[in-house]
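Student: Can you go through this one with me? I'd like to start with single side chains and then look at the whole chain.

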Amino acid sequence: MEFTFAKTTAKSFGVTEFQAEVIHAVAKMGMDANGSTKPSDLKADNVTWFNAKELVASLEDITRHQAAAVMGSLGRKGLAINSDPKSPIGWALTDAGIDVAQQLFDSLDESTTVEATDEAVAA
């Protein structure tokens, strides 16, 4: 799996690269579901429910076991919660998880802006 977020970027937000990828993917799924344009909008309409099967489908080269493990690790950090352990889709990002998602999205926007600016200066 190729990581979108560098280890130092992920670490600066208190997560591993793998956790950052999962938070990013889950926030993106939630944003697609409710039509929001930024993760912070999910606090008003949190549709970030997910399970291991969905994570395996949305992220390349991970197993269900890895997805389940990262879900548990996000739960221990307070970034996700299993709101209904009996439901197959009981996990959702917490407000703290949404905050990390927003920071991750912002870091992508900044790197994209920096790359575009560097390309414009070079031209």
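Student: Is Q19 buried or exposed?
Tutor: Q19 counts as buried, because its relative accessibility is 5%, and buried means under 20%. Keep in mind that this is a predicted model.

Student: Which element is Q19 in?
Tutor: Q19 sits in helix α2.

Student: And what does Q19 touch?
Tutor: Leaving out residues up to four places away in sequence, Q19 touches V70, S73, L74 and K77. With K77 there is also a polar contact, side chain to side chain, at 3.1 Å.

Student: Next one, T48. Where is it?
Tutor: T48 lies in the loop between α2 (17–34) and α3 (52–58).

Student: Buried or exposed, that T48?
Tutor: T48 counts as buried, because its relative accessibility is 1%.

Student: What does the side chain of T48 reach?
Tutor: The backbone nitrogen of L93, at 2.9 Å.

Student: Which residues does T48 touch, leaving out those up to four places away in sequence?
Tutor: V26, G30, L42, W91, A92 and L93.

Student: How far is the C-alpha atom of T48 from that of D32?
Tutor: The two C-alpha atoms are separated by 9.8 Å, and the residues are 16 apart along the chain.

Student: Switching to rings. How many aromatic pairs does the structure hold?
Tutor: The structure holds one aromatic pair. The rings are those of F50 and W91, with centres 6.4 Å apart and planes at 40°, so the pair is tilted.

Student: Why does 40° make it tilted?
Tutor: Planes under 30 degrees apart count as stacked and over 60 as edge-to-face, with the rest tilted, so the 40° of F50 and W91 gives a tilted pair.

Student: Which parts of the chain does the pair link?
Tutor: Distant ones: F50 is in the loop between α2 and α3, W91 is in strand β2 (residues 91–93), and the two are 41 residues apart.

Student: Are F50 and W91 buried or exposed?
Tutor: F50 is buried, and W91 is buried as well.

Student: Now the whole chain. How many helices and strands?
Tutor: Five helices and two strands. Starting at the N terminus, the order is α-α-α-α-β-β-α.

Student: What share of the residues is buried?
Tutor: Of the 123 residues in the protein chain, 39% are buried.

Student: Last one: what share of the contacts between residues at least 6 apart in sequence joins residues at least 24 apart?
Tutor: In the protein chain that share is 53%.

Conventions. Residues are numbered from 1 along each chain as its sequence is written. This is a predicted model: local features need pLDDT of at least 70, side-chain atom pairs count only at pLDDT 80 or more; totals for chains, interfaces and linings use all residues. Side-chain values use heavy atoms; hydrogens and water are left out. Helices (H or I, at least four residues) and strands (E, at least two) are DSSP runs, numbered from the N terminus. Buried means under 20% relative accessible area, exposed over 50%, partly exposed in between (1.4 Å probe, protein chains only). Contact means heavy atoms within 4.5 Å. A polar contact is a pair of N or O atoms within 3.5 Å; within protein, one must be able to donate a hydrogen and the other to accept it, and residues adjacent in sequence count only if both atoms are side-chain atoms. Rings of Phe, Tyr and Trp (its six-membered ring) pair if their centres lie within 6.5 Å; planes under 30 degrees apart count as stacked, over 60 as edge-to-face and the rest as tilted.
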